[in-house]
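Please open the model in your viewer and keep the selection panel at hand.

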Amino acid sequence: MNEQAETVVYPRGNQERSETSLGELARLFLKLGTIAFGGPAAHIAMMEDEIVKRRRWLDHQQFLDLLGATNLIPGPNSTEMAIHIGLVRAGWKGLVVAGSCFILPAMLIVWVLAALYVRYGSLPEATFLLYGIKPVIIAIVVQALWGLGKSAVKGPLTALVGVTVMVLFFHGMNEILLLFAAGFITMAIENLWRGWKQGTHSVAGFSVLSIFSVSAELSSPIALTTTVPVSLLKLTLFFLKIGSVLFGSGYVLLAFLRADLVDRWHWLTDQQLLDAVAIGQFTPGPVFTTATFIGYLIAGSPGAILATVGIFLPAFVLDWFTAVLALISAVLVFRIKINSAWLVLGGGLIGLASKLLA
């Protein structure tokens, strides 16, 4: 028997709409987590078809509003979209149910594949299968990065910053420092340029540049020649960091994983990392379940669980952080009239601090 939805009044406007039951949310997102192949864009398209067109739980504009909020916070986009939909339709319980049910099928599938890989991965049949899959995965990642690059490069400045970041990354500089520094420097130069054109000379840009220069001096590449001992705590904190700072699709995940797991700590080989990415690509659900596979390779079943929890947990937590930060910013803009450049800089620093201290 189908569960009946109860009618509740939401505080936004005078419109009444039905609240979705937890059972309905669980069934839908378990289904999507099992059949949603193709990456975040495909997942979100399937969610729109189910939620906007078939069930009419949200209208198109509400769906786009949630998608916009999802793009403002780090973490796996399609999983965060499931979390937002669950929150809107059934409150905090819906948030947990929708997000967990979307992640669970993919996690279990990848977990089983990881166990099979450890046991049978060296057999000739498995080796030949992965040998044929890996070139295809490389081509898919290159195509995705090319598309991301074309959309991200808005002019000579962003192109120069992108090339500089890539060179510094391959020379061993910390990727998180590069991520935030590139954003701050681009913002600073744009503000300085606009200030010169308008006849004002803001010092905000120089502040950011000086911050970056000091950070660059303190961050020198460290060459590790020995393997760092495996620790469940270190593994969990690593994936917690990834889930807290990584924007965009799962394709961006590859650079973060290789920098620490292969180059710095030597917990994985390049071949194992590429196999993990391949598994994440041809299984349904979030691409971030690559973490489940990697966790199992490094530390067995406990590693699989902790890596999965670590990479997905920030997606459940950051909704409130983002909302509070947006509310404070709105008050500062409309009431105190603080310059927006300072707000952007302050928000970036608060975000960076929250991730480093997490």
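Select V163, M166, V167 and F170: in this predicted model, these residues form a nonpolar patch on the surface. Together they have about 410 Å² of accessible area. Within this group, select V167, which lies in helix α6, residues 156-170. V167 has a relative accessibility of 40% and therefore counts as partly exposed, since the exposed class begins over 50% and the buried class lies under 20%.

Next, select helix α1, residues 22-35. Its 14 residues should span 20 Å at 1.5 Å a residue, and the end C-alpha atoms are 20 Å apart, so the two values agree. Now display the side of α1 that is covered: G23, L25, A26, L28, F29, L32 and G33 are buried.

Most residues other than glycine have a negative phi. R56 counts as exposed because its relative accessibility is 66%, and the cut-off for that class is over 50%.

The last stop is H266, in the loop between α10 (253-264) and α11 (270-282). H266 is not a glycine, yet its phi is positive, about 60°. With a relative accessible area of 32%, H266 is partly exposed.

Technical notes:
Residues numbered from 1 in each chain as written. Predicted model: local features only at pLDDT ≥ 70, side-chain atom pairs only at ≥ 80, totals over all residues. Heavy atoms only, no water. Buried < 20%, exposed > 50% of the residue type's maximum accessible area, 1.4 Å probe, protein only. Helix = DSSP H or I, 4+ residues; strand = E, 2+ residues; numbered from the N terminus. Expected span 1.5 Å × (residues − 1). Patch = residues over 30% accessible without salt bridge, like charges linked within 9 Å, V, L, I, M, F, W, Y side chains within 5 Å. Areas by Shrake-Rupley, 256 points an atom, 1.4 Å probe, with all protein chains shown as cover. Salt bridge = Lys/Arg side-chain N within 4 Å of Asp/Glu carboxyl O.
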